[in-house]
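Work through the exercises below with the model open. Try each task before reading its solution.

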Amino acid sequence: MRGLAGIVLLGITTIAAAESPDPVRANYLFGCRGCHLADGRGVPPEVPTLRNTLGEIVARPGGRDYLVRVPGVLQSRLDDADLAAVLNYILTEFNAATLPREFRPYTKREVAAARKTILADPQKHRRALVASESGPE
């Protein structure tokens with residue numbers, strides 16, 4: 001990268017790394033903090049919060065797949081293994097109280113499979129997941 005964009009990117013990377021020696025948290029800060037805050041809060045309704053709302057979603061049919069397919073996740077530059085680690089961080093750090101007892105961490109393979117399909121209307125899909133016991137059609 002060259003010019004101002006490169007300087008800004010370097011500065012953001014440096015700040016994220018300085019705030020967190022944990023590479024998974026640093027990936028969250030670098031890749032997600034542009035829309036969601038460092039503590040997982042969002043700016044509803046455009047940017048939903050990541051705090052205490054995702055455990056219910058991953059417990060529903062289609063919910064795990066949905067989380068990988070939202071635009072910011074689907075289009076992440078992280079590889080599948082690193083993205084799985086960030087999703088697991090978000091779930092265990094910001095949603096521990098709402099996770100189902102049988103929660104199992106995302107795997108590289110699961111993330112790779114889900115990333116193959118674009119989610120046309122993430123907000124509509126999320127509303128359907130939250131409103132329905134069986135998930136969206």
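## Exercise 1: Val 24

Val 24 sits in helix α2. The model is predicted: local features need pLDDT of at least 70, side-chain atom pairs count only at pLDDT 80 or more, and totals for chains, interfaces and linings use all residues. Residues are numbered from 1 along each chain as its sequence is written, and side-chain values use heavy atoms, with hydrogens and water left out.

Task: classify the exposure of Val 24 and list what Val 24 touches.

Step 1. Val 24 has 23% relative accessibility, so Val 24 counts as partly exposed.

Step 2. Take contact as heavy atoms within 4.5 Å. Leaving out residues up to four places away in sequence, Val 24 touches Ala 85, Val 86 and Tyr 89.

Step 3. Check the spacing for one of these. Val 24 and Ala 85 are 61 residues apart in sequence, yet 6.4 Å apart C-alpha to C-alpha.

## Exercise 2: The fold

Task: state how many helices and strands the protein chain has, and what share of its residues is buried.

Step 1. Helices (H or I, at least four residues) and strands (E, at least two) are DSSP runs, numbered from the N terminus. The chain has eight helices and zero strands.

Step 2. Of its 137 residues, 37% count as buried.

Step 3. Consider contacts between residues at least 6 apart in sequence: 61% of them join residues at least 24 apart.

## Exercise 3: Aromatic pairs

Task: find the geometry of the pairs that involve Phe 94.

Step 1. Rings of Phe, Tyr and Trp (its six-membered ring) pair if their centres lie within 6.5 Å; planes under 30 degrees apart are stacked, over 60 edge-to-face, and the rest tilted. The whole structure holds three aromatic pairs.

Step 2. Tyr 28 and Phe 94 have ring centres 5.5 Å apart and planes at 65°, so this pair is edge-to-face. Tyr 28 is in helix α2 (residues 23–32) and Phe 94 in helix α6 (residues 80–94), so the pair ties together parts 66 residues apart in sequence.

Step 3. For Tyr 89 and Phe 94, the centres are 5.8 Å apart and the planes at 75°, so that pair is edge-to-face.

Step 4. Tyr 28, Tyr 89 and Phe 94 form one aromatic cluster. Tyr 28 and Phe 94 are buried, and Tyr 89 is buried too.

## Exercise 4: Arg 69

Task: describe the surroundings of Arg 69.

Step 1. Arg 69 belongs to helix α4 (residues 63–69). Arg 69 is buried because its relative accessible area is 12%.

Step 2. Its side chain makes a polar contact with the side chain of Asp 65 at 2.9 Å. Such a contact is a pair of N or O atoms within 3.5 Å; within protein, one must be able to donate a hydrogen and the other to accept it, and residues adjacent in sequence count only if both atoms are side-chain atoms.

Step 3. Beyond four places in sequence, Arg 69 touches Leu 74, Ala 114, Thr 117, Ile 118 and Leu 119.

## Exercise 5: Helix α8

Task: which residues of helix α8 (residues 122–131) are buried, and what covers them?

Step 1. The buried residues are Pro 122, His 125, Arg 126 and Leu 129. Seen down the axis of α8, they fall within an arc of 100°, so they line one face of the helix. The arc is that of the directions from the helix axis to the C-beta atoms.

Step 2. The face turned away from the buried side carries the exposed residues Lys 124, Arg 127 and Ala 131.

Step 3. The cover over the buried residues of α8 includes α3 (54–59), α4 and α5 (71–74).

Note on methods. Buried < 20%, exposed > 50% of the residue type's maximum accessible area, 1.4 Å probe, protein only.
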